[in-house]
Amino acid sequence: MTAPGILWLTRDFRLRDNPALLAAIADGPLLTVFFIDRLTMAQGAASRWRLERALRIFDAALRVRTGGKGIVVLRGEAHEILPALMKRLSVRQLHQSDWPTVEMQALQDRMRAALRPLGAGLILHPGHLLVHPGAVRSGNGGAYRVYSPFARAVRQRGPDRPAADAPPGIEPCTEPLGGLDLSTLDLAPDLHRGRAALERFAAPAGEEAALAGLDDFLDRACAYPRERDRPDLDATSRLSDHLAVGEISPRTIWARAMLRAEISPEHAAGIDKFLSEVLWREFSWHLLIGFPEMPVACWRSEWEGFPWQKDGASLIRWQRAETGVALVDAGLREMWLTGQMHNRVRMVVASWLTKHLLIDWRAGLAHFADCLTDWDPASNAMNWQWVAGCGPDAAPYFRIFNPERQAEQYDPRGDYRRRWLAGFDRAAGPEAVAWIESTPRDWHTGPWRAGPSAMLAEGRKAALAALAHFRANTSET
Ligand SMILES: Cc1cc2nc3c(=O)[nH]c(=O)nc-3n(C[C@H](O)[C@H](O)[C@H](O)COP(=O)(O)OP(=O)(O)OC[C@H]3O[C@@H](n4cnc5c(N)ncnc54)[C@H](O)[C@@H]3O)c2cc1C
């Protein structure tokens, strides 16, 4: 038997621009293995559900190319199972797409240690980012901490080019290895009633949907700079779900978008703005690599002393989308039903929690991590710290979003709020009704009710007072 090439699949569920997959195919008959391990199960429920969809669709795509051999899904820890398998099959190297979180790096270290006695190694491949983290360095040789010079440096250097597509015919490894039946797999049993909501309202998954979504967006990119902040319009790309599981690579997005800008100059300015957002994602990952504690610790350490309130009841009302503030509740309900929330609304929702309610950004980050299908550890952490005011290149603390003014400006007819809130005004949309049906029974959810309007001004006043106190007691300026 020829030794197979093994792909240890964790992310990057795609056939295009997937160097790890190509390397495994080059090594021998392909064996693709996915582990339901502790790290996967520690992820939030919605993103686990989304991962399962990605896994299923990629499995079907692989079967088409291999004549019926899909992904071997095993329950357990990769470093405890794979080395013995590799020994048995005489495999000397294992391929994985690099996804550089601290937790994944710890897993990779364990795998390397387990492979060492066999004289085998783990090979990490790029594809998750536009450029290698070491490829762009600031003037003093360190990692960039400010977005604008970082984005300029990446544009100047140019992103890496996408790798070739996987071949149309792939020789599979035929060794019988068992594995779980994907058709009965449930990675998110803890979703309960939320599962039906996601199945109904979440965006389509898979590599083909990602590519079609990108092309569709590029057709209307000229409106992006003008409309991207409008949650009532369909003006953004909605690619974040796909990027979060790697159904499309940022390098593919960049290459296709640049080509399109050349062919259709009327879209060039819109595409340029869109790529600057893709660079925010890139920036967040470069920050996370340089500062792995970003999801748990304030970037600016003096902020650890900020007097966050321990207001459990307010936090629960916020989590349950019952703050009484229409735009905030609409956004949280959109997230509950679809796994997504418009970027402008994410900022307003996060600002409400950290400024008006003075609740620690980490509580908000955790709720988003549990509910977002596009959960991304780097973007989530960078943005929460940005809104809270404690991150690098953060919004100044005194920037406190006024949800009513934001709604007047970005949802002028109330379409977005009406869509998600039953009780906002006369006609409740199907989504607004579905939200009520999808919440846990013990929440006793009813029609949405506005809170007292005084809480807007009172919350702002309290936030500014807390800042003044904080400043007087720390070196924060
Ligand atoms: C508090 C908060 C938490 C967030 N958490 C996440 C998260 O867990 N996962 C996530 O993917 N995004 C997160 N974002 C960023 C942003 O809201 C989403 O990326 C965006 O809404 C996705 O929609 P889109 O694909 O239509 O974006 P588009 O406007 O079409 O942008 C294209 C791509 O650029 C990237 N991008 C856009 N805006 C940002 C941004 N502010 N920061 C980083 N990357 C960006 C995304 O990859 C996005 O898919 C968060 C923002 C805030 C304010």
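Which strand do 2 bridges join to strand β1 (residues 5–9)? Strand β4 (residues 93–97) is the partner, and β1 and β4 run parallel.

Before the views, a word on the model: this is a predicted model, in which local features need pLDDT of at least 70 and side-chain atom pairs count only at pLDDT 80 or more, while totals for chains, interfaces and linings use all residues. Residues are numbered from 1 along each chain as its sequence is written, and side-chain values use heavy atoms, with hydrogens and water left out.

**View 1. An open sheet of 5 strands with parallel pairing.** The strand order is β3-β2-β1-β4-β5. Strands here are DSSP runs of E with at least two residues, and helices are runs of H or I with at least four, numbered from the N terminus; two strands pair if DSSP finds at least two bridges between them. β3 (72–75) and β5 (121–125) stand at the edges with a single partner strand each, so one side of each has no neighbour in the sheet. On average, neighbouring strands of this sheet are turned by 30° against each other, direction ignored. Look also for Leu 7, which stands opposite His 95 in β4.

**View 2. Helices α3 and α5 on the sheet.** Helix α3 (residues 45–66) lies across β1, β2 (30–36) and β3, and runs at about 165° to β2. Helix α5 (residues 102–115) packs on the sheet and touches β1, β4 and β5, its direction making about 145° with that of β5. Axes are lines fitted to C-alpha atoms, for helices over the stretch in contact, and angles run from 0 to 180 degrees between N-to-C directions. Contact means heavy atoms within 4.5 Å.

**View 3. Where domain 2 meets domain 3.** The domain assignment, which is automatic or from a database, gives domain 1 (1–127), domain 2 (190–290) and domain 3 (301–473). Here 24 residues of domain 2 are in contact with 35 residues of domain 3. The two domains bury about 2600 Å² between them, 57% of it on carbon and sulfur atoms; buried area is the accessible area (1.4 Å probe) that two parts lose on being put together, summed over both. Arg 193, Phe 201 and Pro 231 supply 27% of the area that domain 2 buries against domain 3, more than any other three residues.

**View 4. A salt bridge between Arg 344 and Asp 229.** Their side chains meet at 3.3 Å, N to O. A salt bridge is a side-chain nitrogen of Lys or Arg within 4 Å of a carboxyl oxygen of Asp or Glu, and the count between domain 2 and domain 3 is 2.
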